[in-house]
Amino acid sequence: MPPQVMHDNSTLPPVSWAGAAPVGEQDGHGGHAGRDGHGEPASAHAGAPSVIASRVAALAVFLGHTPEKVLNERALAEASGVPRCTVADLLADRACGAGAGGPEERFLWRLRALRAAHRRPDGKPFSHDEIAERTRMSRQQCSALLSGTRRPTARHQFHLERFFHVPPGFLTATDDDALRRTLLEIELSLLRETADRAAAHAPPADPPRPAATRPCPPLPGPCERRARREALGLRLADVADTLAVETGQVRAWEAGQEPDGEARVRYARFLNAASGLAGLD
């Protein structure tokens, strides 16, 4: 289950790239404004890519997948926008080289990678004119961005990320954060698969048991039924309301019709209670 890289301009998985700020909102050192007081990325505590990759590999083995396929470096590089050599270094927890450099260099690297990977339905890359038209910029601006001769703005980043259907911040996230987010998305997918399998193989729930038949107290004869009601000074309607039945039903029971089921149990218990209250026992 390697990460899927789209080649038809369809939507990539909806990852939240919270650690990536637009080009215009990053500090002068190529870092994020959201760093803590020690200059570390705010997402550093989420776990190093190598640690997440270890968890992903364990999940893959558990589910019967080949870890090498799930953690395919080429697929990870395409999905995260991180150079393949940098992906290999981060997965091995090795010190990385310069990578794609600062935010502007990362922007250019990933923009070119997106244009190469995302194609028109006929398989050809999108032209500068097509990209410019759909991202609200001139052809000259688009060409300059792709050639690296124009500094990108937050507006350029916003429209280009929407055009290529990638998460906000994709074009400028640090390599470490970009790969981390991609690995977390894969981990989440595997965890969902684990939960689905567990649900599919769970033993069926016990069928609902029928309510236990409650013992029915003895039911007095028709004349005694009426006598007990009248001894308490109750009307037919009063008994009917108590038993949640129609008045005509109580009249029929006093005339000799035999109740059944739950109604018989309730009626018998009512008459027995009425007998005790009226001192007829």
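**Exercise 1.** Are phenylalanine 126 and phenylalanine 163 buried or exposed?

*Solution.* The model is predicted: local features need pLDDT of at least 70, side-chain atom pairs count only at pLDDT 80 or more, and totals for chains, interfaces and linings use all residues. Residues are numbered from 1 along each chain as its sequence is written, and side-chain values use heavy atoms, with hydrogens and water left out.

Step 1. Buried means under 20% relative accessible area, exposed over 50%, and partly exposed in between (1.4 Å probe, protein chains only).

Step 2. Phenylalanine 126 and phenylalanine 163 are both buried.

**Exercise 2.** Find how many aromatic pairs there are and describe the one formed by tryptophan 253 and tyrosine 267.

*Solution.* Step 1. Rings of Phe, Tyr and Trp (its six-membered ring) pair if their centres lie within 6.5 Å; planes under 30 degrees apart are stacked, over 60 edge-to-face, and the rest tilted.

Step 2. This rule gives 3 aromatic pairs.

Step 3. Phenylalanine 126 and phenylalanine 163 pair edge-to-face, at 5.1 Å centre to centre and 75° between the planes.

Step 4. Tryptophan 253 and tyrosine 267 form a tilted pair, with 4.6 Å centre to centre and 35° between the planes. Both residues are buried.

**Exercise 3.** Determine how helix α4 (residues 84-91) is placed in the structure.

*Solution.* Step 1. Helices (H or I, at least four residues) and strands (E, at least two) are DSSP runs, numbered from the N terminus.

Step 2. Of the 8 residues of α4, 6 are buried, so the helix is largely enclosed by the rest of the structure. Among them are Thr86, Asp89 and Leu91.

Step 3. The buried residues of α4 pack against α1 (49-63), α3 (73-80) and α9 (175-200), where contact means heavy atoms within 4.5 Å.
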